[in-house]
Amino acid sequence: MIEARHLRVLRAVAATGSFSAAARELGCTQPAVSQQMKALESSAGTPLLIRTGREMRLTQAGEALVRHAAGILAGLTAAEEEVAAIAGLRAGRVRLVSFPSGSSTLVPTALAALRAAHPGTRVSLVEAEPPRSVEMLREGDCDVALAFRYEGRREASPDKGGGGRREGEGAQAAEDWDDLVVRPLLADRLVGLVPEGHRLAKSDAVSIGELADEPWIAGCPRCRRQLVEVCEDAGFTPRIDFATDDYPAVIGLVGAGLGVAVLPELAIESVRPKGARTVTVEPAVQREIVALTLPDLAQVPAVAATLDHLARAAAR
């Protein structure tokens, strides 16, 4: 019989590439990892790893087991949490991943309300942009992912040319959420940001074409691609002088008069735009903000409560 603890060890070994690195990640000793891997191979009845000097790689059977491990472990977590709630343990654990502007706006309100209603529930938070956050959910590394996608747009295939994990390396496109439970939260409109002394700073609405000759400050890679597409639809290619994943930095650069930007309202809500003014940009573009989880995890009381509180925070 294959045990869950052995699957966790196998995933750690596959991710880190060695017994010693897996032991450090799991907080145990290297001999303990070795023993558990031997027990797993004995249960499987076939080798799962090939060791050549210091290098270690998975066999075909090992790759198959790692591929199924995330779903198996997620199902076990769901079962353990639900059984604990039914037994009256009144405890729960939720691992939440969110993009930065969600972390500074929706998440604090939701988690404060969750803690007040369910003080025994523990929530951990890490930050990641989609599609990486969606990959983390599918890989079993979180329970709830706060994510977004732009309306009316199909994401490009993941970049295999060295774009890094932030750009996404999974086989599924970021907008392919058919296998997940999707809780819609809000529509987050993009707004323009210009320096206070800009010729358009007091305008009620601005066509994005009126900014064609301006220097631009762009945000995260996904938002950057969206900006270029919107500008190209308006008949021009933006001259991007600065690019940063840090929204306060974007706002600071605009406030210093170094260019203009288009940012989601959530991003501006989380930072006081010193020296900059927001303007309505036409045509309207918005991104859909959602909370995602796996079908099995959606049945876990602590996860369901987290989704409910995120929805309430978004409605305010």
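Which residues have the most contacts inside the largest nonpolar core? They are Val144, Leu146, Leu185, Leu193, Ile208, Trp216 and Leu292, in a core of 70 residues. A nonpolar core is a set of buried Ala, Val, Leu, Ile, Met, Phe, Trp, Tyr and Cys residues joined through side-chain atoms within 4.5 Å. Buried means under 20% relative accessible area with a 1.4 Å probe, counting protein chains only. Apart from this core lies another, of 18 residues, including Leu10, Val33, Met37 and Leu73.

The model is predicted: local features need pLDDT of at least 70, side-chain atom pairs count only at pLDDT 80 or more, and totals for chains, interfaces and linings use all residues. Residues are numbered from 1 along each chain as its sequence is written, and side-chain values use heavy atoms, with hydrogens and water left out.

The chain holds 11 helices and 12 strands. These are DSSP runs numbered from the N terminus (helices, H or I, at least four residues; strands, E, at least two). The C-alpha trace spans about 75 × 50 × 30 Å along its principal axes. Of the 316 residues, 46% are buried. Contact means heavy atoms within 4.5 Å. Among contacts between residues at least 6 apart in sequence, 72% join residues at least 24 apart.

Leu185 belongs to the largest core. Beyond residues up to four places away in sequence, Leu185 touches Leu106, Leu146, Ile289, Val290, Ala291, Leu310, Ala311 and Ala314. In soluble globular proteins, nonpolar side chains tend to be buried together.

Helix H8 covers residues 221-233. Its 13 residues reach 19 Å from first C-alpha to last, close to the 18 Å expected at 1.5 Å a residue. The expected span is 1.5 Å times one less than the number of residues. Pro221, Arg222, Cys223, Gln226, Leu227, Val230 and Cys231 of H8 are buried. Their cover includes strands E5 (144-150), E6 (181-195), E8 (215-218), E9 (239-243) and E10 (261-264), together with helix H9 (247-255). Gly235 follows H8, with a positive phi near 100 degrees.

Val271 lies in the loop between helix H10 (265-269) and strand E11 (276-282). Val271 is buried, at a relative accessible area of 19%. Leaving aside neighbours within four places in sequence, Val271 contacts Pro248 and Ile251. Val271 and Ile251 are 20 residues apart in sequence, and their C-alpha atoms are 8.1 Å apart in space.

Terms used
Buried means under 20% relative accessible area, exposed over 50%, partly exposed in between (1.4 Å probe, protein chains only).
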